[in-house]
Amino acid sequence: MWSFLFTACSSVSDSDGEFVLPPDKNHLIVHKIFPNDRAKNDSAAANLARGIMLVVHPNASYQLSFDIDPDYPAPELQLFRSFSINDNEGRVGFRKVRTLSPTVVGNRYVYSFDCVENKMSVWFTSLGVDGDYYKGKVSNISYTGVGAYNDHLSINLIVVGSMEKTLDGMDVDELSRYMLQMFREKYYGITIDTLYVRYADRHPVLGAFYPASQPWVAGLSSEDVFVSELTGWPEDNLRTALNIIFVHSINENNIMGFARLFSGVLGAGKESSVVIGEHVRKDYEIELLSSYNITMTAIHETGHFFGLRHTSVTRRDLNQYVEYEDGTKVMIGDYSNIEDGLTDTPFCENVLRNGYYKNSVDEELEGFPAGIYVKESRESLAKSNPASIEACADLDNIMFPVTVDDYENATFTEQQMEIIRSSLMIFPH
């Protein structure tokens with residue numbers, strides 16, 4: 001393996017005389033691509049040659065491909081790990097993982113490789129010809145992965161702080177049984193084995209920090225909105241399950257739940273959880289939710305967790321940021337923030353035009369991730385200006401960005417379920 005500093009800006013040779021072309025030091029490596037995401041990912045395509053991030057998982061096999069540019073020779077793809085330099089300057093280095101030559105399939109270059117990591121990791125790319133960055137056009141990029149794990153899933157419902165019965169009178173045990181039933185119905189392409197209920201105040205190590213007598217508000221009760229330390233429950237049968245953190249409410253108006261897109265981590269770990277509230281804040285009041293709204297929020301957010309985007313774009317989807325460790329925020333303009341890339345999910349431009357939705361989430365929500373769920377009734381949505389979303393063809397899709405009270409038949413499409421299943425089989429569990 002050949003190591004070099006991030007300060008390198010041109011190719012070097014390793015011990016075998018092979019050119020090593022590091023990611024461009026003057027290029028912001030903020031573009032990340034996830035396996036089996038069907039969105040256009042145009043910004044990743046445009047920046048692949050000089051360095052983007054590939055998310056990889058243990059024991060998975062991958063293919064990265066794009067259309068051939070006939071005006072340029074076939075480039076080599078180099079993959080790298082990053083590492084910190086032990087000095088006082090905070091420098092970063094890269095260690096080459098491998099160099100790949102493409103296979104030509106039809107009119108596309110295809111690069112195939114296996115992951116050699118023992119946990120979810122990020123690799124960095126460069127694309128080169130004769131020691132220089134590839135200058136051809138990279139278009140219609142595709143990044144697919146096949147995992148080695150099964151398509152079974154268990155759920156941890158971790159109850160944090162004080163709870164009351166739902167609006168329709170369910171206690172936690174009744175809600176958990178209903179939630180398991182609904183997950184099995186809506187996630188029809190995978191197997192939901194069971195749902196475990198655990199109470200944060202009974203955690204063998206951390207219980208004292210989460211008293212059941214007080215309401216827990218995500219974004220207010222602690223800096224960690226994901227309450228990630230509770231995902232490491234010590235019992236063996238809970239360590240590789242999906243963590244749904246159930247809190248009193250979320251400290252932003254109209255938000256019922258949130259999750260990271262393509263989270264990639266089942267079991268313990270930072271951001272390995274979906275967070276949902278029993279209540280939703282609406283200006284100066286707090287509204288208790290029904291078991292249906294709570295459960296459908298969990299199902300929607302779990303869709304984000306496994307890689308599903310909203311079926312129709314929102315203002316917040318357009319205003320995506322990457323935040324660095326030093327607090328710097330960089331806005332990413334990407335067509336994949338507008339279109340999920342699936343042919344069986346309708347798109348409704350009225351969501352973006354809708355006055356209500358713009359007013360509720362147009363401003364950046366400090367500290368909250370991209371996948372959020374906003375609550376409003378169909379009656380209110382129908383009165384919104386300048387365009388109603390009542391007629392949106394995707395209103396009854398689970399990944400529609402606004403929940404409504406009367407969409408009992410909400411479903412995932414076949415292509416959405418394919419993404420969920422492929423992600424589950426890639427995520428170690």
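Start by selecting Asp-340 and whatever surrounds it. Leaving out residues up to four places away in sequence, Asp-340 touches Arg-38, Ala-39, Arg-309, His-310, Thr-311 and Thr-345, where contact means heavy atoms within 4.5 Å. You'll find Asp-340 in the loop between strand S24 (329-332) and helix H5 (350-353). Those labels are DSSP runs numbered from the N terminus: helices are H or I with at least four residues, strands are E with at least two.

A quick note before moving on: this is a predicted model, where local features need pLDDT of at least 70 and side-chain atom pairs count only at pLDDT 80 or more, while totals for chains, interfaces and linings use all residues. Residues are numbered from 1 along each chain as its sequence is written, and side-chain values use heavy atoms, with hydrogens and water left out.

What does the Asp-340 side chain reach, then? Show the backbone nitrogen of Leu-342, at 3.0 Å. Then show Thr-345, whose side chain is joined to that of Asp-340 by a polar contact of 2.8 Å. (A polar contact is a pair of N or O atoms within 3.5 Å; within protein, one must be able to donate a hydrogen and the other to accept it, and residues adjacent in sequence count only if both atoms are side-chain atoms.)

Next, the salt bridges: the count comes to 8. Select Asp-24 and Arg-50, whose closest N and O atoms are 2.6 Å apart. Asp-24 sits in the loop between strands S3 (19-20) and S4 (32-33), and Arg-50 in the loop between helix H1 (42-47) and strand S5 (53-56), so this pair ties together parts 26 residues apart in sequence. Asp-24 counts as buried at 9% relative accessibility, whereas Arg-50 is partly exposed at 35%.

Now try Arg-421 and Asp-151, a salt bridge at 3.2 Å, N to O. Arg-421 is in helix H8 (residues 414-426) and Asp-151 in the loop between strands S13 (142-146) and S14 (152-159), so look for two distant parts of the chain, 270 residues apart. Asp-151 is buried at 18%, and Arg-421 is partly exposed at 35%.

Head for the largest nonpolar core, a set of 77 residues. (Such a core is made of buried Ala, Val, Leu, Ile, Met, Phe, Trp, Tyr and Cys residues joined through side-chain atoms within 4.5 Å.) Among the members touching the most others are Phe-113, Met-179 and Ile-244. Helix H2 (residues 172-186) gives the largest share of this core, 7 residues. Click Ile-244 to see its contacts, including Met-179, Phe-183 and Ala-298.

Finally, zoom out. The protein chain has 8 helices and 26 strands, and 55% of its 429 residues count as buried.

Definitions and conventions. Buried < 20%, exposed > 50% of the residue type's maximum accessible area, 1.4 Å probe, protein only. Salt bridge = Lys/Arg side-chain N within 4 Å of Asp/Glu carboxyl O.
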